[in-house]
Amino acid sequence: MKIRTGIVRSCLIVAFGAGLTVATGVQAAELEVLHWWTAGGEAKSAAELKKILESKGHKWKDFAVAGGGGENAMTVLKSRVVSGNPPAAAQIKGPSIGEWGAEGVLSNLDEVAKAGGWDGLLPPVVTKVMKHDGHYVAVPVNVHRVNWMWANPEVFKKAGVEIPKTWDEFPAAAEKIQKAGFVPVAHGGQPWQDFTVFESIALGVGGADFYRKALVELDQATLKGATMEKVFTTFAGVRKYTDKDSANRVWNQATGMIINGKAAMQFMGDWAKGEFSSAGKTPGKDYVCVAAPGSAEAFTFNIDSLVMFEQSSGDVRKGQQDLATAVMSPAFQEVFNLNKGSIPARMNMNLDKFDDCAKLSARDFEAAAKRGALVPSIAHQMAVPAATAGAMQDVVTQFFNSANMKPKDAAEKLARAALTK
Amino acid sequence: MDLTAQRVTLAGDAGAGAEAKPRLADRIDAWLPKIVLAPTFVCALVFIYGYILWTAVLSVTPSRMLPKYEFAGIVQYEALFGNERWWLALKNLALFGGTFVLVCLAVGLLLAILLDQKIRGEGFIRSIYLYPMALSFIVTGTAWKWILNPELGIERLLHDWGFENARFDWLIDPEMAIYTVVVAAVWQSSGFVMALFLAGLRGIDDSIIKAAQVDGASMPTIYRRIIIPSLRPVFFSSFMILTHIAVKSFDLVMALTNGGPGFASDVPATFMYAFAFTRNQIGLGAASAMMMLMIVVAVIVPFMYSELRRPRNG
Amino acid sequence: MAELSQPRDTGRLIGRVIVYGLLVLVCVYYLMPLFVMVTTSLKSLDEIRAGNLLSLPQDPNLDAWGKAWSSACTGIQCEGLAGFFWNSVSFVVPAVLISTLIGAVNGYVLTMWRFRGSDLLFGMLMIGCFIPFQVVLLPMARTLGAMGIANSTTGLVFVHVVYGLAFTTLFFRNYYVTIPDELVKAAKIDGAGFWLIFRRIILPLSAPIIVVSIIWQFTQVWNDFLFGVVFSSGDRQPITVALNNLVNTSTGVKEYNVDMAAAIIAALPTLFVYVVAGKYFVRGLTAGAVKG
């Protein structure tokens, strides 16, 4: 009898203990998040996300892997998925979201999206990127504008020229700047930077429709056409006005040339703003942000997003839903983007705390969305699958680095590269 | 090396002995060496040769983001051979590998000979030559990038010193960028080669040299005729290690040029990584990896075979 | 052996000057990156932006070092490299010891207990060294997942041991080849067994090559990034991964002084090992590791 009560009691204890563990499990589901936000400002903003998540009783397990726009992180992610041990969430963007979705490893976020009314908050162009097969699988963190030109007004004044508004005005202005003893274009000759300049030129020379046809839909005729030739000709014209040391320069070193007044303009996405602000410069006064020539009406976007990987634990799944909700919350979108130079992915947010460049970006974003001139950036893996974008980038950077390739041949080659699957 | 031949017979004897007296303990003893070696054998079989086989399989599949096991024929190899970037990577490997191995051997031998001249502070100098081995390129990549960067490093220093026309811009010259990788790679590895040669020099029997000196041979002649030829095994070890470093050089290129300008300093290892992992073309990456392995085997095996064979027969 | 130590005439003296001159010149080449790293780590960011990177710091301070050790951001937490340092220690030590031990036993078998096919096996292992590590990432991830040690310290140690074995085996084999057969032969006749001979005869002779193997493996494993980033778990990442996160950020302000200080901190253990054990390293190599 006694023995039996003993057994019962210990069973009860075990059962109770198990219940307790389950209960605490709900409290502290551990969410492993793979990302490459490691730069000071970014890291601090991502830490906000951790705070929000922890206030909901989850645990954030940080898994940061920096390097080359997430290249190393993607290697890690693949190995993790292959080993059957994927992280709860990972920073993935653009068409890659669809590719992962096709592998059937992503969790569906439709419920959260419905509860949060995402369809009403995000422009359709953005929701398209966030969905696979009509279901939400990713949540956007920010919107970077890529087709920016950063200019040093002082240098323009000294050279006695206006900031060029079209690519036709560009050569004359650049010529004068060079004569005045400045470097017209601060450029970092790395493949992705070459490609970034190239896509801004394509947008400025050919317009949003041309851009979409050529670099998003990969229409062969458009890629080989006369407009593309002109884009390459203009691109070669820009090369003429970079300095001899530009090859292999990192982008922030190029931004430094604008800050120091050595160079007049740089074509770079809005993450460049961080460099200016950390050097204590104010927009509008020490530097100006304008759309790259000919592209004021259009907007090339680069959106960071988080996807959730299918998990067996219910607690982690709950945590993933909470994480997605937190990412879309106005509070997080504001603090994250203030630091990062980008604008919130949510529309209609109060932007009082943002600077003029961000406000302009947000205005242009909504206007371009209405006008149908909102296009994904190909250089930043938003437009076409990585294999295709990579092959096309090879052509662009090869053209930029070889003085004797003809624009016509380059266009042909680009069209061929676009067939890469 | 005739020791080796002896040992083979010795091992044979041991086997014969075990057969003559089949006691349990002896039998275990006879098998023990093989049992002890078995885990390593299995590891090599699975984790090296098994994975090579796996890579070979992938190279004939249409795998993109993750492995897919469907047969696709040799499309990946066709794509690889049609890719300009691949040919450039191969050319770079030849240029880089060749220069790197030769320069390292030359520098290593020279430094070892110099250090062997009863130098004061030898230990200190040797540590200086050796320390780069201790650092990874994640650590030193940035420093080298700066030193070789024309705006920040040596070129600017020369300008500041008044040599206005001095140029040192290999890093940004598509034709020369691969040689900056050589500069940094030699910096990292030549100290180790120096240590190997120094060890070899210290191991040479003094009496041979004394005898040559008595015969009136000059120091350079002694080095050329006697000392350097006797370092043949060191050349062999160094060659193996250096080739190994050259073929696998990955962090070095990533840290220093990241394959640039453009993709002018791409090597097969960076090519493979970019295609398999960044560009979601695992099949193509696997095909390039197979080609890399075949090149290695084509270079190394005949060399290893002749080198390991030679002294035994002689 | 080469007697140039007593300059008897001007020719000798000139030779001496050239020898020392060359040695010192080469020292400059070897020390330059270290010089750049150390001086940069002692400068302020403004001084770095303004000045020449090869110039001496005007107002040297250790702020960057403090930040790199305890407050630099390596992810969303900004606690510097301190924690990662110990992560690295926790897997490097077992990986180095295990691979050295197995390498020693392998070398012993391959020289003293040869059997039919043992040379072939050795050749197989050697060619295996040439497999590019990028190739093994995915299949290894799969294997570790199947073994249930994916993304754990155990898994990471395992990977390092597996791919370190070829080199440690090579070192020990080449060293043991030089040990006279008679020693082992006599012991065998006296009836000593496999392990007894290893423990009593071989191991006591192995000190120099153990040092070589440990130095080599320690350097390789400590400095490894690829395996560390792929096979460690998020909260136990090695220091190289943290360093990469610090140095390799693509967007955001680069704090070069902190980067350099962090780089030196990450390299301290290997530098320490080289300086302390460097003497034994060459001695160990001399003792036979290079005899093919």
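The legends below describe close-up views of a predicted model. Residues are numbered from 1 along each chain as its sequence is written, while chains are lettered from A and ligands numbered from 1 in the order in which they are written. Local features need pLDDT of at least 70 and side-chain atom pairs count only at pLDDT 80 or more, whereas totals for chains, interfaces and linings use all residues.

**View 1. Chain A as a whole.**
Chain A holds 19 helices and 14 strands. Here helices (H or I, at least four residues) and strands (E, at least two) are DSSP runs, numbered from the N terminus. With a radius of gyration of 24 Å, close to the 22 Å given by the globule rule for 421 residues, chain A is as compact as a globular protein of that length. The radius of gyration is taken over C-alpha atoms, and the globule rule is 2.2 Å times the number of residues to the power 0.38. Along the principal axes, the C-alpha atoms of chain A fill a box of roughly 105 × 45 × 40 Å. Of the 421 residues of chain A, 58% count as buried. A residue is buried if 20 or more other C-beta atoms lie within 10 Å of its own, exposed if 12 or fewer, and partly exposed in between, with C-beta atoms placed from the backbone. Among the contacts in chain A with a separation of 6 or more, 78% are between residues 24 or more positions apart. Two residues are in contact if their C-beta atoms, placed from the backbone, lie within 7 Å.

**View 2. Strand 13 of chain A and its two partner strands.**
Strand 13 covers residues 305-308 of chain A. Ser305(A) and Val307(A) point one way from this strand, Leu306(A) and Met308(A) point the other way, and all are buried. Strand 3 (residues 89-91) of chain A runs antiparallel to strand 13 and is joined to it by three bridges. Within this pair, Ala89(A) has Met308(A) as its bridge partner. Strand 6 (residues 138-140) of chain A also pairs with strand 13 in the antiparallel sense, over three bridges. There, Pro140(A) stands opposite Ser305(A). Two strands pair if DSSP finds at least two bridges between them.

**View 3. An open sheet of four strands in chain A.**
The strands of this sheet have the order 9-10-8-11, with mixed pairing. Strand 9 (183-185) and strand 11 (288-291) stand at the edges with a single partner strand each, so one side of each is left without a neighbour in the sheet. On average, neighbouring strands of this sheet are turned by 20° against each other, direction ignored. Axes for such angles are lines fitted to C-alpha atoms, for helices over the stretch in contact, and angles run from 0 to 180 degrees between N-to-C directions. Strand 8 (residues 148-151) and strand 11 of chain A run antiparallel and are joined by four bridges. In strand 11, Cys289(A) is the bridge partner of Trp150(A).

**View 4. The surroundings of Ala368(A).**
Ala368(A) has its place in helix 17 (residues 356-371) of chain A. Ala368(A) is buried, with 24 other C-beta atoms within 10 Å. Not counting residues up to four places away in sequence, Ala368(A) touches Glu297(A), Ala298(A), Phe299(A), Ala373(A) and Leu374(A). Ala296(A) lies 72 residues from Ala368(A) along the chain, and their C-alpha atoms are separated by 9.3 Å.

**View 5. The contact between chain A and chain B.**
This contact takes 23 residues from chain A and 20 residues from chain B. On the side of chain A that touches chain B, helix 3 (71-82) and helix 18 (386-401) of chain A each supply at least two residues. Helix 18 of chain A gives the most to this side, with eight residues. The residues of this side of chain A divide into nine nonpolar, eight polar and six charged. Ala, Val, Leu, Ile, Met, Phe, Trp, Tyr, Cys and Pro count as nonpolar, Asp, Glu, Lys and Arg as charged, and the others, Gly among them, as polar.

**View 6. The contact between chain C and chain B.**
Here 74 residues of chain C meet 88 residues of chain B. Helix 13 (residues 256-289) of chain C gives the most to the side of chain C that touches chain B, with 15 residues. By class, this side of chain C has 52 nonpolar, 16 polar and six charged residues.
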